[in-house]
Amino acid sequence: DGVDRYAHLLGQIFDPPTLDVHAPIVGVSAPKVKSGCDREPSTSIEHMFAQDVETPEWLVGLNQEQRAAVLHGDGPLLVIAGAGSGKTRTLAARVARLITDGASPDRMLLLTFTRRAAAEMLRRAGAMVRAEQPGVGPGRVWGGTFHSIANRLLRRHGEAVGLPPAFTVLDQGDAESLFSMVRAELGLGRQGVRFPKPATIAAIYSRVVNAQTPLSVTLAERYPWCVDHADDLKAVFKGYTATKRSQAVADYDDLLLYWRALLESPVAAQIRSRFDHVLVDEYQDTNRIQADILSLLCGVSGNLTVVGDDAQAIYSFRAAEVENILGFSDVYPDARVVTLEENYRSTPEILAATNAVIARAERGYAKRLRSNRASGAIPQLVTCLDPEAEAEVVCDLVLERREHGIALRDQAVLF
């Protein structure tokens with residue numbers, strides 16, 4: 001059942017099976033139960049352009065590729081959104097289009113990586129919807145981060161996986177304090193005996209859970225100085241998880257594990273049928289657990305829309321798995337892929353350099369960013385001997401531009 005499934009997932013931390021950590025994700029088989037995302041296709045809205053009607057607000061100003069993403073009907077959709085290509089506008093317009101076309105807001109799930117991003121996307125979608133249908137809006141859309149949605153679902157269904165509705169969520173500081181307590185109870189880290197600090201223990205635990213790699217592999221690849229402490233770390237992890245279960249508390253990583261366990265529990269069908277459309281932003285930053293959740297939630301042919309860019313995958317150190325986006329069409333064979341290549345942010349010269357860098361990637365979706373802006377200065381590549389020399393060059397350039405009339409407040413340094 002769900003409780004045993006959760007215990008099994010945590011058990012892999014201590015006695016993991018043999019695992020090829022470099023193997024690509026092949027996803028989870030489609031659930032037999034028909035999910036809300038697998039409902040019968042809705043009527044196509046392509047007919048709107050065959051009629052002499054005013055262009056709806058959610059299509060105003062969109063380019064051809066953005067329109068294709070917004071107008072996509074049912075089934076999986078992958079939007080490869082190059083940098084500065086208006087992905088937020090596109091995803092918000094798709095939400096607005098779905099609602100205007102009759103989708104129920106409270107049966108839509110919008111997943112982002114910050115609450116602010118979700119709020120901004122729904123604000124934009126709301127303005128577009130109200131322009132077409134005054135009084136209608138996306139206020140009842142389930143919008144938020146993976147963790148906040150997991151928390152919300154677990155409050156309602158957590159008992160199916162052994163978690164009471166009134167469970168407490170540990171923040172990072174609380175988790176480190178609990179690790180410190182367990183560490184002390186086991187007599188580890190005593191004066192004169194070196195042992196990882198609570199913050200390091202918490203980071204190792206989080207990496208194992210989110211990357212779904214055995215502890216031995218995680219230590220060898222990420223924390224080689226802790227390899228000799230593997231057995232003691234297993235003991236700390238066991239004590240940590242046992243204490244959490246006894247006190248009805250969960251940390252941030254648990255929220256995702258419990259959500260995945262829910263989708264393999266007796267209430268799985270109820271949760272799957274709750275949503276007709278699932279939309280995900282920054283898909284290149286998802287980890288293996290999050291990819292599993294989406295696969296279990298929607299099945300391989302459900303109404304899942306993901307937006308991301310493999311060329312902007314920079315969070316592998318947080319266990320993000322770029323293979324999720326690279327192998328999307330393998331997991332969802334019927335997925336449509338739309339690429340947004342028109343950049344609204346940068347000059348042609350900057351994009352020329354960007355395209356040259358992207359083209360050297362061994363794997364990835366083919367894309368060539370183009371600009372709608374006027375030409376600008378050619379980017380300069382300056383090679384420095386060390387960080388001190390680099391800082392000196394940057395300061396000199398900033399001051400030089402100030403001497404030419406460009407105020408300091410009009411300059412930016414990105415690092």
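**Notebook: helix packing and a buried lysine**

I began with helix 2 and helix 3, where Gln-66, Ala-69, Val-70 and Leu-71 of helix 2 meet Thr-90, Ala-93, Arg-94 and Arg-97 of helix 3. Contact here means heavy atoms within 4.5 Å. By class, this contact of helix 2 with helix 3 holds four nonpolar, two polar and two charged residues. I noted the classes: Ala, Val, Leu, Ile, Met, Phe, Trp, Tyr, Cys and Pro are nonpolar, Asp, Glu, Lys and Arg are charged, and the others, Gly among them, are polar.

The model is predicted, so local features need pLDDT of at least 70 and side-chain atom pairs count only at pLDDT 80 or more, while totals for chains, interfaces and linings use all residues. Residues are numbered from 1 along each chain as its sequence is written, and side-chain values use heavy atoms, with hydrogens and water left out.

Next I looked up the geometry. Helix 2 (residues 64-71) and helix 3 (residues 87-100) pack at about 40°, and their axes are 8 Å apart. That makes helix 2 oblique to helix 3; angles under 35 degrees count as roughly parallel, over 145 as roughly antiparallel, 65 to 115 as roughly perpendicular and the rest as oblique. The crossing of helix 2 and helix 3 is right-handed. Helices are DSSP runs (H or I, at least four residues), numbered from the N terminus.

I then turned to helix 10. Helix 10 (residues 252-262) is largely enclosed by the rest of the structure, because 10 of its 11 residues are buried. Buried means under 20% relative accessible area (1.4 Å probe, protein chains only). Among the buried residues are Asp-254, Tyr-258, Trp-259 and Arg-260. Which residue caps the N-terminal end of helix 10? I found Asp-251, with a side-chain oxygen 3.1 Å from the backbone nitrogen of Asp-253.

The axes of helix 10 and helix 12 (residues 288-298) come within 9 Å and cross at roughly 25°. That makes helix 10 roughly parallel to helix 12. Leu-256, Leu-257, Trp-259 and Arg-260 in helix 10 meet residues of helix 12 including Ile-289, Asp-292 and Leu-296. The contact of helix 10 with helix 12 divides into seven nonpolar, one polar and two charged residues.

Last, I checked Lys-244, which sits in helix 9 (residues 230-247). Is Lys-244 buried or exposed? Lys-244 is buried, with a relative accessible area of 1%. Leaving out residues up to four places away in sequence, Lys-244 touches Leu-170, Leu-178, Tyr-205, Val-249, Asp-251 and Asp-254. I had already listed Asp-251 as the cap of helix 10 and Asp-254 as buried in helix 10.

Terms used
Buried < 20%, exposed > 50% of the residue type's maximum accessible area, 1.4 Å probe, protein only. Helix = DSSP H or I, 4+ residues; strand = E, 2+ residues; numbered from the N terminus. Polar contact = N/O pair within 3.5 Å; in protein donor to acceptor, adjacent residues only side chain to side chain. Axes fitted to C-alpha atoms, helices over the stretch in contact; angles between N-to-C directions. Left-handed = near helix turned anticlockwise from the far one by under 90°.
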